Every structure is written in structure tokens, then in C-alpha cells.
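Please look through this structure alongside the notes that come after it, which are meant for someone meeting it for the first time.

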Amino acid sequence: MQTFESLITNRSTCRNFSDNELQPKEITELITTATWVPSGSNNQPWHFVVITDRDKLRAYSDAAKTAWLGTLEENPHMHQYEEYIRNPEYNIFYNAPALVIVYGNRESHWHVYDCSMVAYNLHLLAEERDLGCCWIGFAHNILSEPAVKRGLGVPEQYDLVAPVILGHPAQKKSSVRNLNPRKDFAINWF
Ligand SMILES: Cc1cc2nc3c(=O)[nH]c(=O)nc-3n(C[C@H](O)[C@H](O)[C@H](O)COP(=O)(O)O)c2cc1C
């Protein structure tokens with residue numbers, strides 16, 4: 001069992017998953033535990049969507065890539081990924097068996113922060129259980145589309161905050177620890 005500190009410092013993003021499925025019960029447990037975060041005014045303003053249908057995920061991946069290609073000019077942060085999104089083989093969800101999407105109620109002022117903490121908890125819980133996890137920013141365009149949200153049964157006042165894939169890593173994590181070193185940062189002391 002890792003200490004909490006080592007759990008935090010050993011976590012890394014996973015982009016390579018085995019074919020093993022995750023059971024709905026396990027996903028529900030992870031989400032339920034992940035919601036034990038502070039939230040502004042204790043509003044707990046989240047709404048979850050879980051997608052395990054691989055064809056649906058592939059279709060959203062293709063739609064997201066097409067949409068990014070059509071909007072590269074307005075999205076300079078995507079230029080560095082152009083080669084990926086032009087590659088027909090590239091699945092933005094890395095063939096993971098589950099996508100958990102955290103939506104936040106925009107009527108609750110701090111919803112983005114609240115829901116981001118839930119998303120990070122999913123990362124930590126995944127690490128504790130030897131699962132892999134990755135926040136998929138590439139899916140933000142498609143999953144925030146009003147028509148897509150309607151199709152997923154998300155109430156209109158909920159905005160996309162965090163699409164997070166979960167699954168069993170293709171290789172045991174301890175054998176492929178590949179941590180991104182942390183960059184220097186400033187602390188101003190007074
Ligand atoms: C808001 C956000 C969006 C991200 N979007 C993607 C993404 O679309 N695709 C991807 O492969 N990784 C994505 N990541 C994962 C980051 O690339 C990763 O966290 C970063 O490289 C640091 O690596 P580490 O998580 O292993 O420490 C995202 C992470 C965050 C927090």
C-alpha cells in the first residue's frame with residue numbers, strides 16, 4: 001500500500017490500456033469516492049456521464065478530431081498536436097474502456113474548480129487501484145456541444161469540465177514508471 005504522498009508523486013497519465021473492461025460497480029464506486037471534495041457553498045454541482053461503448057467513443061474521437069482540424073486557426077494551443085489529429089489511427093481516448101465526463105452546473109459560481117477536484121480525485125483513486133487515467137482535453141470541443149450534451153442527457157445549465165478516461169494499463173505501472181519531472185516554480189514568501 002502506497003503512502004498518500006507516494007500516491008501523489010507516483011501518479012502519471014496513462015495512454016495505453018489493456019482490453020480489460022471496468023465494471024459499472026467499480027466505476028460508480030470511484031465516482032462516489034471522488035466526490036468527497038470541498039465545493040463552493042457546498043453546492044456539489046456535478047453531473048456525470050459514463051461511456052463504455054467503444055464504438056461511441058471512437059465516433060466522438062473522430063468527430064472531435066474533425067472539429068479541431070476545422071478550427072485550428074482559432075485554437076493555437078492545438079497546433080502542436082496537428083500531426084496526431086490528422087492521423088486516422090489516433091483515438092483521442094486511447095481505446096480506454098471507460099470515459100467519465102464531469103459536467104458542472106454553471107449556476108454554481110465555483111463549478112469549474114469543484115469539478116476539477118473531483119476529476120483529480122479520480123486520477124488519485126485510479127493510481128491507488130493500479131488503474132490508468134487521463135484527462136482528455138482533446139474531447140472538450142465535442143463534449144461541450146449542446147447537441148452532444150442533449151444526446152447524453154445532460155441538463156442545459158451544466159458545462160463540460162473534465163472528460164477522464166479510466167482503464168487497466170497495458171503494462172504494470174511499476175514496470176513503466178515514466179514520470180514527467182516537475183518544473184521549477186516560484187514561491188513568494190513574506
Ligand atoms: C486539463 C488537461 C487536459 C489534458 N488533455 C490531454 C489530452 O487531450 N490528451 C492527452 O493525452 N493528455 C492530456 N492531458 C494529460 C497531460 O498531458 C499530462 O497530465 C501532462 O503531460 C503531465 O503528465 P502526468 O499527468 O503524467 O504528470 C491533459 C491534462 C489536463 C490536466
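Predicted model: local features only at pLDDT ≥ 70, side-chain atom pairs only at ≥ 80, totals over all residues.

1. Helix H2 runs over residues 24-34, and its buried residues are Leu30, Ile31 and Ala34. An α-helix has 3.6 residues a turn, so residues three or four places apart point the same way.

2. On the other side of H2, the exposed residues are Lys25, Thr28 and Thr32. The cover over the buried residues of H2 includes strand E1 (46-51), strand E2 (98-105) and helix H5 (111-128).

3. Helix H5 has 18 residues, which at 1.5 Å a residue should span 26 Å, and this agrees with its end C-alpha atoms, which are 26 Å apart. After H5 comes Asp130, a residue whose phi is positive, near 60°.

4. Among the buried residues of H5 are His111, Asp114, Cys115, Met117, Val118 and Ala119, and also Leu122, His123, Ala126 and Glu127. The partners against which the buried residues of H5 pack are helix H1 (4-10), H2, E1, E2, strand E3 (132-135) and strand E4 (158-167).

5. Which residues are around the ligand? They are Ser12, Thr13 and Arg15, then Cys134, Trp135, Ile136, Gly137 and Phe138, together with Asn180. Sorted by class, this shell around the ligand has four nonpolar, four polar and one charged residues.

How values were computed:
Residues numbered from 1 in each chain as written. Buried ≥ 20, exposed ≤ 12 C-beta atoms within 10 Å, placed from the backbone. Helix = DSSP H or I, 4+ residues; strand = E, 2+ residues; numbered from the N terminus. Contact = placed C-beta atoms within 7 Å. Near = placed C-beta within 6 Å. Nonpolar A, V, L, I, M, F, W, Y, C, P; charged D, E, K, R; others polar. Expected span 1.5 Å × (residues − 1).
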